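Colleague: Hi! Could you walk me through this model in simple terms?
Modeller: Happy to, let's look at it together.

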Amino acid sequence: MTETKLKKNLAVQVIKDHNISSIEIYYSGGGDDGCIDNIIYYDHNEKDTKIKMAKEIESEWDDLLYDLLNKHVEWDWINNEGGCGSMTIDCKLDPWNISIDHQQRIMEDHTYSDIDFEL
């Protein structure tokens with residue numbers, strides 16, 4: 001079984017075990033770092049619920065979320081000015097429906113030269 005398949009299976013089992021209907025993931029990055037800032041799990045009554053995961057499963061789940069972001073966000077959201085946004089996973093569908101709302105930070109440089117200055 002591939003590593004990606006194992007991660008997906010672990011994530012799916014956690015979601016099923018906790019009766020989760022949707023997940024909101026908030027992320028941000030810049031410089032050389034990117035992180036998942038917050039994850040909110042919603043049950044079938046649309047109430048946010050806490051999930052307890054074993055450390056190794058939580059690590060695999062985080063890796064899966066990073067993989068999803070890196071695969072589907074066309075910008076480098078981690079390096080330089082980076083980016084931020086949210087990813088929503090609808091777990092009620094099979095396959096899951098994922099949507100990403102991404103904002104990219106862009107820096108522009110302008111150089112002005114050969115300007116005549118008269119007194």
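Colleague: Let me pick a residue. Is Asn19 buried, exposed or partly exposed?
Modeller: Asn19 is partly exposed, at 43% relative accessible area. For the words: buried means under 20% relative accessible area, exposed means over 50%, and partly exposed is in between, using a 1.4 Å probe and protein chains only. This is a predicted model, so local features need pLDDT of at least 70 and side-chain atom pairs count only at pLDDT 80 or more, while totals for chains, interfaces and linings use all residues. Residues are numbered from 1 along each chain as its sequence is written, and side-chain values use heavy atoms, with hydrogens and water left out.

Colleague: Thanks! Where is Asn19 found?
Modeller: Asn19 lies in the loop between α1 and β1. Helices (H or I, at least four residues) and strands (E, at least two) are DSSP runs numbered from the N terminus. Asn19 has a positive phi, near 55°, in a residue other than glycine.

Colleague: And what is phi of Glu46?
Modeller: Near 60°, again a positive value in a residue other than glycine. Glu46 sits in the loop between β1 and β2, and Glu46 is partly exposed at 47% relative accessible area.

Colleague: What about Lys47, buried or exposed?
Modeller: Exposed, with 55% relative accessibility. Lys47 is in the loop between β1 and β2 (48-49). Leaving out residues up to four places away in sequence, Lys47 touches Tyr41 and Tyr42; contact means heavy atoms within 4.5 Å.

Colleague: OK, switching to the nonpolar core. How many residues has the largest one?
Modeller: The largest nonpolar core has 22 residues, and those with the most contacts inside it are Ile23, Tyr41, Trp61, Leu65 and Ile89. Such a core is a set of buried Ala, Val, Leu, Ile, Met, Phe, Trp, Tyr and Cys residues joined through side-chain atoms within 4.5 Å. At least two residues of this core come from each of α1 (3-17), β1 (20-43), α2 (55-72) and β4 (83-90).

Colleague: Which element gives the most to this core?
Modeller: That is β1, with six residues. As background, nonpolar side chains tend to be buried together in soluble globular proteins.

Colleague: Let's talk about α2. How many residues has α2, and what does it span?
Modeller: α2 has 18 residues and reaches 26 Å from its first C-alpha to its last, close to the 26 Å expected at 1.5 Å a residue. The expected span is 1.5 Å times one less than the number of residues in the helix.

Colleague: Which residues in α2 are buried?
Modeller: Trp61, Leu64, Leu65, Leu68 and Leu69 are buried in α2. Seen down the axis of α2, the buried residues fall within an arc of 135°, so they line one face of the helix. That arc is taken from the directions from the helix axis to the C-beta atoms. On the other side of α2, Lys55, Glu56 and Lys71 are exposed.

Colleague: New topic: how many aromatic pairs are there?
Modeller: A search of the whole structure finds two. Rings of Phe, Tyr and Trp (its six-membered ring) pair if their centres lie within 6.5 Å; planes under 30 degrees apart count as stacked, over 60 as edge-to-face and the rest as tilted. Tyr27 and Trp77 have ring centres 5.1 Å apart and planes at 70°, so this pair is edge-to-face. For Tyr66 and Trp77, the centres are 6.1 Å apart and the planes at 15°, so that pair is stacked. Ring pairs link Tyr27, Tyr66 and Trp77 into a cluster.

Colleague: Is Trp77 buried or exposed?
Modeller: Buried, with a relative accessible area of 1%. Tyr66 is partly exposed, at 23% relative accessibility.
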